Amino acid sequence: LVFVLANYPQWLVTEPVQVLKIWEGGLSWHGALLGGFLAGWTYARKNGVNPNLIADWSVLGLSFGYIIVRIGNIFNQEVLGRVTEFTFGRWPAQLVGSLIGLILLIRFLYLQRKEVPTGYQFWSFIGYHQVLRALFEEPVRENALFLLKYVHPRWGLGFFTLTQLITPLVLAFAYYMYRTTRGNQMRYGQRT
């Protein structure tokens, strides 16, 4: 659903059956992350495992995965950048995405040497990823625009994509979850 909303929102009205054809591809980062989060959180809670600890462990794979997926997008000619008047013709959106993944990977490795509360790695990763993507990757990606639709004719920067519009909600949710996690740890005397 997130993929459809971000890329082909008209399908909801014009081709609703197309929305159900998950075997034809169409995976969105936010949709995959939400599905994985809900499944993992439910499983961990059911089996008495701290879900934030597992979530922290997932950051390494999420960061590395984001780098690799965006490199794969280059070979598949997906996640194209917007047309620009600069010499390269289109923004290298896939490389911008890979760079975001690399920055988050380096940040993860740096924080591994620090004493940070359980859950901080994951929830801060979600926040930083969302901000970096909304500010640097989404403006250069050739994505559908919503509400105030604007593309700078020379620079090829576009506003606003669905990802940019939901960024405040994702940030609020990540902050809430981190604060809740930290509050529970302090209440039960766990590592803060």
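Reply:

**The nonpolar core and its surroundings**

The largest nonpolar core has 24 residues, and those that touch the most other members are Trp29, Leu62, Phe122, Trp123, Phe125 and Ile126. A nonpolar core is here a set of buried Ala, Val, Leu, Ile, Met, Phe, Trp, Tyr and Cys residues joined through side-chain atoms within 4.5 Å; buried means under 20% relative accessible area, exposed over 50%, and partly exposed in between (1.4 Å probe, protein chains only). Two or more residues of this core come from each of helix H4 (29-46), helix H5 (51-76), helix H6 (93-112), helix H7 (120-137) and helix H8 (162-187). Helices (H or I, at least four residues) and strands (E, at least two) are DSSP runs, numbered from the N terminus. Because domain 1 (1-47) and domain 2 (50-189) both give residues to the core, it lies between them; the domain bounds come from an automatic or database domain assignment.

The model is a predicted one, in which local features need pLDDT of at least 70 and side-chain atom pairs count only at pLDDT 80 or more, while totals for chains, interfaces and linings use all residues. Residues are numbered from 1 along each chain as its sequence is written, and side-chain values use heavy atoms, with hydrogens and water left out.

Leaving aside neighbours within four places in sequence, Leu62 is in contact with Trp29, Leu33, Phe122 and Phe125, where contact means heavy atoms within 4.5 Å.

The helix pairs come next. H4 and H7 pack at an angle of about 170°, and their axes are 13 Å apart. Axes are lines fitted to C-alpha atoms, for helices over the stretch in contact, and angles run from 0 to 180 degrees between N-to-C directions. H4 and H7 are therefore roughly antiparallel to each other; angles under 35 degrees count as roughly parallel, over 145 as roughly antiparallel, 65 to 115 as roughly perpendicular and the rest as oblique. On the H4 side the contact is made by Trp29, His30, Leu33, Phe37 and Trp41, and on the H7 side by Phe122, Trp123, Phe125, Ile126, His129, Gln130 and Arg133.

H7 also packs with H5, at an angle of about 30° and with the axes 7 Å apart. H5 and H7 are therefore roughly parallel to each other. In H5, Asn52, Ala55, Asp56, Ser58, Val59, Leu62, Ser63, Tyr66 and Arg70 meet residues of H7, namely Tyr120, Gln121, Phe122, Trp123, Phe125, His129, Arg133 and Glu137.

In helix H6 lies Ser98, which counts as buried because its relative accessibility is 9%. Not counting residues up to four places away in sequence, Ser98 touches Ile67, Arg70 and Ile71.

The protein has 8 helices and 2 strands, and from the N terminus on the elements run α-α-α-α-α-α-α-β-β-α. Between domain 1 and domain 2, the C-alpha centres lie 17 Å apart, and 11 residues of domain 1 are in contact with 20 residues of domain 2. Of the 192 residues of the protein, 39% count as buried. Among contacts with a separation of 6 or more, 66% are between residues 24 or more positions apart. The C-alpha atoms fill a box of roughly 55 × 40 × 30 Å, taken along the principal axes.

An unreviewed UniProt entry places the feature "transmembrane region" at residues 53-71, 91-111 and 156-178; UniProt positions are given in the numbering used here, feature names are shortened, and annotations may be inferred rather than shown by experiment. Over residues 91-111 the chain is 90% helix and 0% strand, with the end C-alpha atoms 31 Å apart. Over residues 156-178 the figures are 74% helix and 9% strand, with the end C-alpha atoms 36 Å apart.

Some backbone details remain. Most residues other than glycine have a negative phi, and most peptide bonds are trans. The peptide bond from Phe159 to Phe160 is cis, with omega near 0°, and Phe160 is found in the loop between strand E2 (158-159) and H8. Gln77, in the loop between H5 and H6, is not a glycine but has a positive phi of about 55°; at 63% relative accessibility, Gln77 counts as exposed. Leu147, in the loop between H7 and strand E1 (150-151), is likewise not a glycine and has a positive phi of about 55°. At 70% relative accessibility, Leu147 counts as exposed.
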